[in-house]
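User: I'm new to this one and would like to go through it with you. Could you take my questions as they come?

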Amino acid sequence: MRKDSIGIVEDESQVANLYKTAFTARGMSISFVAEDGLEAIKAFKDSDPKPYIVIMDHRMPVMTGVDAMKEMLKLNGRTKYIIVSADSSIQKEAIESGATMFLEKPIQLKQLISCIENLSQ
Amino acid sequence: MVPRSEFRKKSDSTPSEDAREKDWLIAELKDHIAVLENELRLKRECAPFSEAAERKRAEEALKLTQFALDNFRDSAIWLTMDGRIIYVNQAACMSLGYSREELLSMHMWDIDPDYTMKRLRELWKDAKQQGYTLKFESKHVARDGRVFTVEVTSSYTRYGDKEYLITFDRDITERKKAEAELIKKNDDLAALNGKLRQLSQAVQQSASVVVITDTTGSIQYVNPKFTELTGYSVEEAIGKNPRILKTGEMPPEEYKRLWETITSGKDWRGVFHNKKKNGDLYWESAIISPVMDDSGKITNFMAVKEDITERKLAEEALRASEEKYRELVENANSIILRFDVHGNLTFFNEYAEKLFGYSRNEALGRDVVGMIVPVSESTGRDLKAIMEDMKRHPERYRSNVNENVCKNGDRLWIAWTNKAICDEHGNVVEILSVGNDITGRKRMEDALRESEERFHAVADNIPVLAWMADADGRIFWFNKQCYDYTGMTLEELQGWGWEKVIHPDYVKSVTEVWQSMIKTRQPCDNIFPLRVKDGSYRWFLTRSRPILNEDGTITRWFGTQTDITDRKNAEEALQDKQEKLKVQAEELHVYNEELARQIEERWRAEEALRESEEKFRILADFTYDWVTWSSPAGNNVYVSPSCERITGHRAEEFYNDPGLRDRIVHSDDMKAFGQHMDSHLRNASICGNFDFRIISTSGETRWINHVCQPVFRDNGEWLGRRASNRDITERKLAEEALLVSEERLRRASSAGRIGLFERNEDRERVYFSPEAYELYGLEPGSPGTYETWLSTVHPDDLETVERRLAENRENACRKPGYTAQLEFRVVHYDGAVHWLEVQSTYALEGGELMVRGAVRDITERKRAEKELEDYRKRLEDLVQERTCKLDEEKRQVEMYVDLMSHDISNMNQVGLGFLELALDMLDLDEAGREMLLNPKSAFEKSSRLIDNVRKLQKARSGEYESKEMDIGQVLGKVQEHYTKQYGQGITLNYLMNVGYVVKANELLYDLFSNLVANAIKHSRGHPIIDIKVEQVSENGRDYYKIAIDDRGPGVPDRLKSIIFDRKLTGDACSKGSGIGLFLVKTLVDGYRGIVWVEDRIKGDCTKGARFVVMLPVCEVESGNAKR
């Protein structure tokens, strides 16, 4: 498992693009990009090797980020999750369910990247 | 013969005595025979020649003597010396009822117990010594036990050597009886003679005139009094007819009647007005009686007469005086009564009878307490104790008002004037009370106050500010919300005082609009900011409407003010929702207008009610009052126009010259008046009732009856005092005259129309007064039966009425004197439906349950109640409907904001992210970087804005949990954040100190962060920001005062109060504070704190601004709070 491999789960394609561009520019490898929770579970199953970090939006169609994370943790417990949401009230649930970190929107790109770099070290 | 055994028994002899007696008897008999033999020998010796003839003659003589004795009418009894009877004649046997044989075997004491042995010896001795017969009275007992008196003639006789006592006893019982009767008759006659002598003397010396005539009317006798009175001597009068005294005033028929009466054997009584001999007239009362003999025949007429001239004159004078008194008292339209020191009634006039329902017979002698004075008043006053005090100190109760009770249980309010009546020693003997029924006035005043309170209750609970002004635009009333919003009092706001709360920039334009509105009499809407309690200004939509009376003149202006600040804010914050909000605001206007219209209607209804009450008052009274309303401070708030009629001054003069009222008071009453007015200021709850005098403009002295009472709002707030001043000059003059003569009266208003009814429980006897007929709407002449009455009850109320009647009956049987009240509808014979109130009293009288009651029409009251209820319901429905609508809209708006902020936030993040990447990764020159930095800054600002809006929304919906937070720690985080972000770019002076605990939520960070951001944004050059925290006390509360100073261009004075108002700043503000300061204000309000901006250097607004936040200290355990 490469420490710089990242999975992106985000229903807003432009945000997903921003992450992809920024992370690629930093030399990180993108394991998968998914648009909702179910798709994310499938992509995570298919991925090999598994990503080291998954950055996941919470409020998404079909399945929420935290629910998807719970499923994915069952498949592989080593991946670290960063849950992103504008709703700070789900922070507690996210951390208790196994997220490594919770970031409240709006987030600055700089802040996100420094978080990922801290986790990867 | 009495057997010997019986004889023995009678003589109670012992056997030896018996034997002795026998011996004695034999000896006796021997003696007797010897006597007889001797006699015979003597005779033979003396008359040897005619022995046979002699014996024959002697035998003949003996036989004759025997016969004579036997036929003697008196009893003849011979006794021997030892009391033995040896001879009795026939008469003795007859009178004693014994046979001769029986008597011859008896002793004298057997028939006369007085003949004891001792007595017999005395008798014997007397008769023997005196030698003649003794006469005395004794009593004999006959065989049948009859005792009878006898006259005894007793003689001593000696025959041979034998001695005898011969008694002749005559029965004198009859003679004795006759004698006794004769004595009695003599005594009676003597008594009669004495009496006659007394009578004759009495007549002769009588103080009354006595005249006796014969049956033709000719005078037979006159007593000296007659002469004394009439001047006619006895000689002149005798033989004349009494008509010599006649004056001719008495009609001939009366004389005829007199003559008929006395000739028929009856007494005549009457009064004559007669003439004396000298021609003087005099009055006499006379009784003329016929005098009859034993056979009932009239023999004479006797007149007994008395001079009553003095009495007659006194009576005449008394009658005249009483007539005068009666006229005064009975025709009085006032209650006049007197009671003694025990409280017992001694006088009760006709008006009182009518009013209280007690007849004079029932009332007199009874204690007023418990009869017309209830033991306690409905207000709870102890009237019994007051009456006791009054009896002791009547001077303290010259006038008083209290509740009284009628016989039928009705309670009345009476204004009393009391006067003690004293005897010559100055001791109070009675109290004279003159009362006037003021129940109507009192009820009217209560009703008026109630209706005012109801109006205030409605007005104070509508969700807008409301006010009323007079036709000239002078505001005299505000609803409670006005005071709550502005924090000002009625004194500060009334008249033109409201200008003080208008934003200084708008005062001129608002005043112009206001004056033109008054001039043109047109309704007007206007929007301008008003200062609210905390000193900030809020936008209000003001709508003013004239209220016209029937002839089209303006009597009032009514206005509402709606806070539209929030609406404007919402418009600014959500521009795309503006359209919707506008519609919403319009709806709000429509609603408000509807509300205003309803209040106007209500006000009109109140006005109509007031008018009808006014009319009632005019009708009920011959005058109407000068009504004033003064504020708690004592200023005139309202003066009724009728003051002009009473005082000569117009109402305006009282408004313009507050001292005028006091100056027109009569100099003698000034002190009392002043004391009364002072007592109001000291004690709001006092009700007053007293009389004083004023001098009217024409110089006349007028008496005023002043009745006042405080007016409170529902929440207990004291609104002032209502006083009604009645011109009672007429009454006073009359009263004074009455008190001088103790018999003057006062006029009073009569109570409303009340019908009375009475029935027994079996409903056999029903009585309705004419008013009751009218009130029940019974066709005149219809029979007054229970069924007739029941037929008037509205069909919908019939069941209730019958059920209640049954309950009342049950209660009345358990509790005599039970009273019940019942309200129901009746249908009049013309079809009109009326509400009636019936008050009944149940009483047990002679084992029968009687119901008495009073009935009155309460249709108007019911109508007013219903109207009010309808209004209240409509208002409630409208408020309910409106609240639902607003809730729904709020939910939608929240949803839109949420969706929008989420999406915009995402977009911002994307834009910002790519710009950061570009700046990082692309090799750009300075101009290129500048081009990217600008949109980056815009995105950052937009992000902050969205963030703040979201927090604002959450803060307002109360989504954040309230908890204890330390200002020191929060400020430390803020300092850390900005220092990290700007590095050396700014100077943020804050000495962190923890322990400043307040009740807040996690947005406290945003509050200070926004203020710091604002300071940085508006700083010129290198930003220098100072933050200080201290604990202060204000209005008795502890606060933490946080001051954030900047060195920017400062805030101009005119903007200081509106800078936190997102909406009000707009373009006018040199530094767009954005939603940030609005969020600050919202949060501080939520934390129950205060925020304002001032000059960093006092008096110089160009040297930077100081934002001050005051948050209440949260008291936590063991003094965590900084002291």
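User: Which side chains meet in a salt bridge?
Analyst: In this predicted model, the side chains of Arg26(A) and Asp920(B) form a salt bridge at 3.4 Å, N to O, the term standing for a side-chain nitrogen of Lys or Arg within 4 Å of a carboxyl oxygen of Asp or Glu. The count between chain A and chain B is one salt bridge.

User: And which helix of chain A gives the most to the side that touches chain B?
Analyst: Helix 1 of chain A does, with eight residues; helices here are DSSP runs (H or I, at least four residues), numbered from the N terminus.

User: How many residues does the contact take from each chain?
Analyst: The contact, meaning heavy atoms within 4.5 Å, takes 20 residues from chain A and 17 residues from chain B.

User: Switching topic, is Lys1081(B) buried or exposed?
Analyst: Lys1081(B) has a relative accessible area of 16%, so it counts as buried, which means under 20%, while exposed is over 50% and partly exposed lies in between (1.4 Å probe, protein chains only). Lys1081(B) sits in helix 36 of chain B, residues 1074–1086, and, leaving aside its neighbours within four places in sequence, is in contact with Asp534(B), Phe1060(B) and Val1091(B).

User: What should I know about the numbering and the model?
Analyst: Residues are numbered from 1 along each chain as its sequence is written, and chains are lettered from A and ligands numbered from 1 in the order in which they are written. Local features need pLDDT of at least 70, side-chain atom pairs count only at pLDDT 80 or more, and totals for chains, interfaces and linings use all residues, while side-chain values use heavy atoms, with hydrogens and water left out.

Key: Helices (H or I, at least four residues) and strands (E, at least two) are DSSP runs, numbered from the N terminus.
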